[in-house]
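Hi everyone, thanks for coming. I'd like to walk you through one structure today, so please have a look at it first.

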Amino acid sequence: MINFRRLPAVAYFHRYTIATFILILFYIVYLLFRWNFICTNAQTWIHVNRICDLFDKGKAVGSICAPLCTNNAIHTLTCHSFKSTKEAVFSGEWHQTRLVFKTASSDVQELHWYDNGVLKYPSEREFLATAKAIVKSKLNITLPQETAVRLTRLKPNYVESDVRKRQKEMDNIWVLLQDNEYLLSNIFTERDIFPQLLGTCGPYFAVEYMDPIQGISSILSFAEDKEEWSVRLRTAIQIIELIEEMENGFQEPFHLCDIKLEHFGIVKGGSRLKFIDLVGVYPRSAINNLIKDTDGCNSDEDCEFLDCRSRCHKSINKCSRKVTNNNLQIICEKIFLGWRMSNTVLIPGLLMTPDTPSELASILRQCANPKNEPGKPRESPDEDTKKRLYNILVEIEQSVTNDFYL
Ligand SMILES: Nc1ncnc2c1ncn2[C@@H]1O[C@H](COP(=O)(O)OP(=O)(O)OP(=O)(O)O)[C@@H](O)[C@H]1O
Ligand SMILES: *[C@@H]1O[C@H](CO)[C@@H](O)[C@H](O)[C@H]1NC(C)=O
Ligand SMILES: [Mg+2]
């Protein structure tokens, strides 16, 4: 039995061990915050204060500045506790609409310059041409005039005539234009596959909030639950349909290079899926260029951009000029099958449950690793595998739903 009166003596005896233990504990907690594994609303408030400070100084303009800073129309701010690589991801409520705030990277060279001490800004023509050039160089997309013009204004149908105000607006837009997420949400706003852009304030922008996909929390559940199984099947079908749209609905197919289940969201009140995290989303030629420009590779692992993979030509130490895997491969590997290590599934994915028929499991393995490569798969599944996967999912889903209602 522990003698509690001796506790101080014991503690004293082990004081170094205890001190070390406490230090390590503090360090772990510090790291969790540092890497954003945990977030607190304090962090959200730091961002809000920063936005509103910029707004007060007249440096930040945009439609969500006033509601956030002066009349508290945006309320119930909450942080999103995820291991996040972005500076800020938090949400708030504005007239019954939930918004998610994100920030464009702030280390961008200033738009204005000084000529013999005189403050200079580009002309409207130059600014428009620059916006087009940014989109061309980042995404290899030639914008229609109308879209380019929209990109150079914060209010779609309003031309700021006050020169000083317009200059501030240009400064703000300039920072936002460097952000891939902002660009895609803005350019493809009518396409309904990326979150709707709802407003901006300085380097911050807000997009529509989307519900997470059901089943994320119960990903480890082994319960034989027919209803859950049919939800999972329907989600899988929707994911395939969404990437189909992203690959065929544009001049070039989009590659989603950072695929996780949390990066798919459901539009409020609907069943439509959208892709949330656009940092790793690029048209094919842009992703090819990103991979090609990697200098000096020694192994295939050096020729990757997040989940988008290519190969290394070892004789010349250069990455292949084309991405070799595709969206469906990554989805089969990371979302449908689950987290694997040396070809063993460790954390079962969306479609790996006790209900999974062996035929489906076999198609999924084929899809995730078409050439049965050791290490990270780098091939894309062929058209036939894609069709078989889609058809079998639809078939199982229908039979499960029918069973359910019989
Ligand atoms: N529009 C949105 N609607 C709902 N939730 C969102 C939205 N945007 C982001 N989130 C949530 O916040 C998380 C982090 O956002 P995001 O992926 O954009 O940032 P990140 O820095 O890349 O984070 P991570 O490294 O976790 O992917 C997302 O995984 C998602 O759960
Ligand atoms: C840009 O895309 C077009 C096809 O839309 C392609 O032919 C061209 O090679 C691409 N340019 C670059 C620099 O990748
Ligand atoms: Mg992310």
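I'll take the metal site, then the salt bridges, then a ligand, and finish with a tryptophan.

A word on the ground rules. This is a predicted model, where local features need pLDDT of at least 70, side-chain atom pairs count only at pLDDT 80 or more, and totals for chains, interfaces and linings use all residues. Residues are numbered from 1 along each chain as its sequence is written, chains are lettered from A and ligands numbered from 1 in the order in which they are written, and side-chain values use heavy atoms, with hydrogens and water left out.

Let's start with the metal. Which protein residues are donors of the magnesium ion, ligand 3? They are His-263, through NE2, and Asp-277, through OD, at 1.9 to 2.3 Å from the ion. Donors here are N, O and S atoms within 2.8 Å of the metal (3.2 Å for Na, K and Ca), and since water is not among the atoms, sites may look incomplete. Helices (H or I, at least four residues) and strands (E, at least two) are DSSP runs, numbered from the N terminus.

Now the salt bridges. We count a side-chain nitrogen of Lys or Arg within 4 Å of a carboxyl oxygen of Asp or Glu, and that rule gives 26 of them. One joins Lys-314 to Asp-300, at 3.8 Å from N to O. Lys-314 lies in the loop between β15 (312-313) and β16 (318-319), and Asp-300 in the loop between α10 (284-292) and β13 (304-305). Asp-300 is buried, at 18% relative accessibility. Both residues also belong to a salt-bridge network with Arg-311, Lys-371, Glu-373 and Glu-379.

Another bridge pairs Lys-376 with Glu-304 at 3.0 Å, N to O. These two are 72 residues apart, with Lys-376 in the loop between α12 (358-368) and α13 (383-405) and Glu-304 in strand β13. Lys-376 is partly exposed at 33%, and Glu-304 is partly exposed at 22%.

For a local example, take Glu-383 and Lys-386, whose closest N and O atoms are 3.6 Å apart. Because they are three residues apart in helix α13, about one helical turn separates them. Glu-383 is partly exposed at 48%, while Lys-386 is buried at 18%.

On to ligand 2. What surrounds ligand 2? Its shell holds Asn-140, Gln-251, Glu-252, Ser-285 and Asn-289, where a residue is near if one of its heavy atoms lies within 4 Å. A polar side-chain atom of Asn-140 lies 2.3 Å from a ligand 2 oxygen, and one of Asn-289 lies 3.2 Å from an oxygen of ligand 2.

Last, the tryptophan. Trp-45 belongs to helix α3 (residues 41-56) and is partly exposed at 45% relative accessibility. Trp-45 and Phe-264 are 219 residues apart in sequence, and 27 Å apart in space from C-alpha to C-alpha.

Key
Buried means under 20% relative accessible area, exposed over 50%, partly exposed in between (1.4 Å probe, protein chains only). A polar contact is a pair of N or O atoms within 3.5 Å; within protein, one must be able to donate a hydrogen and the other to accept it, and residues adjacent in sequence count only if both atoms are side-chain atoms.
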